[in-house]
Each structure stands twice: as structure tokens, then as C-alpha cells.
Amino acid sequence: MNTVLQAAHELTPDELAPYLRVHADRQVRPANDFTQEVLDYYLCGERITGVYLPFTEMENKFRLRAEETTLLAGINGSGKSLMASQFLLSAMVQKQRCLSISLEMSPKSQLARMWRQASLEPEPTLDFGVDFNQWTKNKLWFFDQQGSIDLTTLLAVIRWSVDHFGINIVLVDSLMTMNIASDNYNAQKDCICALANAARSLQLHIILVCHARKGKFVTDKLDRWSIRGASEIADRADNILILQRTFEKDPLCADAHLNLAKARHFDGAECELDLWLDMESMNYMTHNQTLEPLTEYKNG
């Protein structure tokens, strides 16, 4: 069964308390302690390890790696949550354990969308749903709370989930649902720094969905400086992906652009993809991409 985490106030105080406190382990170590890690980086292909995105054009350019944070940004209606769902499905194909913390959509709504994306059908069959449910066992968890959450509780839930389920990928959708005022830039800075620190210390990848500022026209090109809020949000994140709809009516024109605007640990990875939205399955895809039902991989 898909596992749904209880809302934080339903977890027992004794369970959650240890995860509300973090004791930093500060060490000064000699350079040769890290030699093996550097050898792995250069000789063992570590530079291209990690979870690849569902677009083959980016497979050898960019990955979602442990100890890093990625911002997925765009204006309202661009399809950020749809794309984030695709990322989780792709990660599960690669045997990653995923936690979705969406304060905007219920687990039922998220799963209904995933069934559609995975089956490629607007109305998946019952048999597909049973297979999908079995396939996601020990791969997918949800935090069952909608509305908003404070940073301390968010971090505690992430730590608790890592400890109990071995989570590798965390989706936080979105920054707007944090108990942080839109003009409190110091709190926003603290939030992204805390998430980045958690990703590193817990050796997982955190995807944070953010909103972008709207330009004068909806078609105005977005970049990393378009992310709404404190500038430190973009500065502290390891990677930035910006999704922008084109609102073109011509079917030959792309429906959206995905801009890899920042990739701190991937040399020359910055690029932009043209994407089309397959309305039947609600998947974004590249022009030459062939979609396949995800259950073809269920025995993998």
C-alpha cells in the first residue's frame, strides 16, 4: 500500500521530539581524508551519477544527486506540480524511495494524477491501479497534511521519514505553504539554508517548488532572478529548473520550455528544452519522445 504519514500534530510527541533537535557535528579533517572521494569523482563516473529526469536529452548533462537541493520554479499554471510528479515517478523507476510533502494537494489527488501519468490513460483501469499500488510499495510515501507547515516541523518530518523509511528523494510543494511571510526574506533565507543542510547531512535530494514573479506579459522570459522571494533562495540552491508555458495555440509549437538555469556541480549543463504537454496522460515530453506505461517497469 502507499504509505501516508500522519500529520505532524498526530504523531506522538515522544516519536517526533528527537527529530526536532539537531546536534551539529563539526570536524576539522586533513585533506587526505577526502582523497578516496575525489578519486571516485574523477575515476568512477560519480559526476554523472544520480537520478535522471524523464527527458533523455538531459540524462548525460544533469542528475538529481544526493546531498543537493533543486528549485523547480514557474508562475501559477505552468505545471510545476505535474512535472514534480513526473520526477518522482522517474525516481521510483530508478528504485528511489520518495516522500511527497505537498501542502496544496491531498495524497488522493496526487495519486490520481500519478495513476494517469503512469498509465498514459485519462481514466486508468482498476487493474492498473492495483498493479500501480503494488509497484509503489516501499517506494512512495505522502505527508498527509494540507494548508501550511513551519520549518521546524517540516525538517522533523523529513528526518523521521529518512530514519523510518530510508527516503532518498523529498518533494516539498511548495515554499509558499511554509509559515513564512512573503516579505520576510530572512526567514526565507533560513528556510532554504536549512533544507540544503538537511539534504547534505541526510544524504538525500530535496526538490523545492517555488513561484516565479510574473512579468509585464505572461510570455516574458523567466530566469533564475525571476524566483519570487529572497535572492538567497536561488543563491543557496544547487540547481534551478524553470518551467515556463508558451501559451501557443499552434500544435507545432512547444507548449513549454524547461530551463536548467543553474547546475552548480555539472560543468556546462545549463540548457533549455522545448516540451509538449500530452493532455491524455498529463505528462510533459520532448518532441521525439515516446511515452510508455510505467507498469512495464513494475517488476524492475
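How many bridges join strand 3 to strand 5 (residues 169–173)? Five bridges join them, and the two strands run parallel. The legends below begin with these strands.

The model is predicted, so local features need pLDDT of at least 70 and side-chain atom pairs count only at pLDDT 80 or more, while totals for chains, interfaces and linings use all residues. Residues are numbered from 1 along each chain as its sequence is written, and side-chain values use heavy atoms, with hydrogens and water left out.

**View 1**
Strand 3 covers residues 98–102. Helices (H or I, at least four residues) and strands (E, at least two) are DSSP runs, numbered from the N terminus. Two strands pair if DSSP finds at least two bridges between them. In the pairing with strand 5, Ser 100 has Leu 171 as its bridge partner. Strand 3 also pairs in the parallel sense with strand 4 (residues 140–143), over three bridges. There, Leu 99 stands opposite Trp 141. Five of the five residues of strand 3 are buried, so the strand is largely enclosed by the rest of the structure. Buried means under 20% relative accessible area, exposed means over 50%, and partly exposed is in between (1.4 Å probe, protein chains only). In a regular strand the side chains alternate between the two faces of the sheet. In strand 3, Cys 98, Ser 100 and Ser 102 are on one side and Leu 99 and Ile 101 on the other, and all are buried.

**View 2**
Strand 2 (residues 68–74) is mostly covered, with seven of its seven residues buried. Glu 68, Thr 70, Leu 72 and Gly 74 point one way, and Thr 69, Leu 71 and Ala 73 point the other way. Strand 2 pairs with strand 6 in the parallel sense over seven bridges. Strand 2 also pairs with strand 7 (residues 239–245) in the parallel sense, over four bridges. Leu 71 stands opposite Ile 240 in strand 7.

**View 1. Cys 210 in strand 6.**
Cys 210 lies in strand 6 (residues 205–211). Ala 73 stands opposite Cys 210. With a relative accessible area of 1%, Cys 210 is buried. Contact means heavy atoms within 4.5 Å. Leaving aside neighbours within four places in sequence, Cys 210 is in contact with residues including Leu 71, Leu 72, Gly 74, Lys 80, Leu 175 and Ile 233. Cys 210 and Lys 80 are 130 residues apart along the chain, and their C-alpha atoms are separated by 8.6 Å.

**View 2. Two nonpolar cores.**
A nonpolar core is a set of buried Ala, Val, Leu, Ile, Met, Phe, Trp, Tyr and Cys residues joined through side-chain atoms within 4.5 Å. In soluble globular proteins, nonpolar side chains tend to be buried together. The largest nonpolar core has 45 residues, and those with the most contacts inside it are Leu 71, Ile 101, Ile 158, Val 170 and Ile 206. Helix 6 (residues 151–165) gives the largest share of this core, eight residues. Apart from this core lies another, of 43 residues, among them Leu 53, Leu 89, Ile 169 and Met 282. Leaving aside neighbours within four places in sequence, Ile 158 is in contact with Ile 101, Val 170, Leu 195, Leu 202, Leu 204 and Ile 206.

Ser 81 counts as buried at 17% relative accessibility. Ser 85 is buried, with a relative accessible area of 3%. Leaving aside neighbours within four places in sequence, Ser 81 is in contact with Arg 113 and Asp 173. Not counting residues up to four places away in sequence, Ser 85 touches Arg 113, Met 114 and Gln 117.

**View 3. Phe 128 in helix 5.**
Phe 128 is in helix 5 (residues 126–135). Its relative accessible area is 9%, so Phe 128 is buried. The C-alpha atoms of Phe 128 and Trp 115, 13 residues apart along the chain, are separated by 8.0 Å.
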